[in-house]
Amino acid sequence: MQACRFALLSRLALCLFLVGAVGVANSWAQEEPPNIVIILADDLGYGDLACYGAKDMETPVLDRLAQEGMTFTSFYASASVCTPTRASLLTGLFPDKAGTPGVIRTNPIHNWGYFNTSAVTLPEALKPAGYHTALVGKWHLGIEAPNLPNERGFDFFHGFLGDMMDDYYTHLRTKVNYLRKDKKTITAKGHATDVFTDWAIDYVNTRQGKQEPFFLYLAYTAPHDPIQPPDDWLAKVKEREPKMKKKRRKLVALIEHMDANIGRFVEALKANGQWENTLFIFTSDNGGAPWHGADNGPHRGTKGSLWEGGHKVPTIAVWPGKIQPGSESDFV
């Protein structure tokens, strides 16, 4: 078990660049391993949280989590688009080494990669250390065997295989249903952000009272286009910011809605008694798209570019009793 824990730390250091920054190696070797939750937003710009400088946005949940843990000011995604970043996050490899120099898509003409089947994934590295592993939400690393989540280390999958949804309520992509529970095709009702949060809460509820720790990777499709917030959230922003441009207003509402859902999820962890021994990480797969109203803060460039606006992402880490509240790191 001791060797497994050090192997686990090594993998986390590669994938998350957090071990050296928060100094958890020594304590982890001696104590019960924590639950690990990684929440990945989709196309969230560096300047699109209130705690990262947004003046026209209210993100009280993530702001509070930033106060309870550490904010990273030099955290970089490995690429400026979806698939390569996700492959690197789960393997610790550069995107090309992971087989994903670009985005995986259904149509071979527009497909730019094939997830390297020999790469060891983070859930695969965690399982020998006794972890139960789960993915809820967006996968985007393959739509057929052997690159399905259950075949790449996840004990449980409840989410979406594809790249993006054409509609947050129909959950389809090019008229194809990519929603799965493990390998079974399913349907769902409601906004995708609400649905994924419900499923994540269902999962952690099933782990309540279990001896083995869990690793949950919760990957939202928000705030990726189509910029489709629920009507009531859009109305709130319109009332609060009547002069805000329509494009920006819709994106702000979509992000604020995601923030509230993260709050629902964190409250479930607390209600289950799981929060106190959970390493919680929130980040984004790449920078935002200004053509959809995103703000990458002071950084040049956008999603899809090689400038910092495409790669530098807001990142928050919380681990009660281990990571100093209100701390900040410029660790790259």
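Author: Happy to. In this predicted model, the axes of H7 and H9 come within 9 Å and cross at roughly 10°. An angle under 35 degrees counts as roughly parallel, so H7 is roughly parallel to H9. On the H7 side, the contact is made by Thr193, Asp194, Thr197, Asp198, Ala200, Ile201 and Val204. Facing them from H9 are His257, Met258, Asn261, Arg264, Phe265, Ala268 and Leu269. Sorted by class, the contact of H7 with H9 has 7 nonpolar, 4 polar and 3 charged residues.

Leaving aside neighbours within four places in sequence, Asp194 is in contact with His257, Asn261 and Arg264. Asp194 and Thr221 are 27 residues apart in sequence, and their C-alpha atoms are 11 Å apart in space.

Now step back to His191, which is found in the loop between strand S8 (184-185) and helix H7 (192-206). With 2% relative accessibility, His191 counts as buried. Not counting residues up to four places away in sequence, His191 touches Tyr168, Tyr169, His171, Gln228, Pro229, Pro230, Leu254 and His257.

H9 has another packing partner to look at. Helix H4 (residues 60-68) and helix H9 (residues 246-271) pack at an angle of about 55°, with their axes 7 Å apart. H4 and H9 are therefore oblique to each other. In this contact, Pro60, Val61, Leu62, Arg64, Leu65 and Glu68 of H4 meet Asp259, Ile262, Gly263, Val266, Glu267 and Lys270 of H9. By class, the contact of H4 with H9 has 6 nonpolar, 1 polar and 5 charged residues.

Within H4, the residues Val61, Leu62, Asp63, Leu65 and Ala66 are buried. Their cover includes H9, along with strand S2 (70-72), strand S10 (278-284) and strand S11 (315-318).

A search of the whole structure finds 11 aromatic pairs. One of them joins Tyr46 and Tyr52 edge-to-face, at 5.0 Å centre to centre and 80° between the planes. Tyr46 and Tyr52 are both buried. Another pair is Phe154 with Tyr217, which is stacked, at 6.3 Å centre to centre and 20° between the planes. Phe154 lies in the loop between strand S3 (132-138) and strand S4 (156-160), and Tyr217 lies in strand S9 (residues 214-219), so this pair ties together parts that are 63 residues apart in sequence. Phe154 counts as buried at 2% relative accessibility, and Tyr217 counts as buried at 1%. Both rings belong to one aromatic cluster formed by Phe115, Trp139, Phe154, Phe215 and Tyr217.

Arg300 lies over the face of Trp307, at 3.7 Å from the ring centre.

Notes: Residues numbered from 1 in each chain as written. Predicted model: local features only at pLDDT ≥ 70, side-chain atom pairs only at ≥ 80, totals over all residues. Heavy atoms only, no water. Axes fitted to C-alpha atoms, helices over the stretch in contact; angles between N-to-C directions. Helix = DSSP H or I, 4+ residues; strand = E, 2+ residues; numbered from the N terminus. Parallel < 35°, antiparallel > 145°, perpendicular 65-115°, else oblique. Contact = heavy atoms within 4.5 Å. Nonpolar A, V, L, I, M, F, W, Y, C, P; charged D, E, K, R; others polar. Buried < 20%, exposed > 50% of the residue type's maximum accessible area, 1.4 Å probe, protein only. Phe/Tyr/Trp six-rings, centres within 6.5 Å; stacked < 30°, edge-to-face > 60°. Lys NZ or Arg CZ within 6 Å of the ring centre and 35° of its normal.
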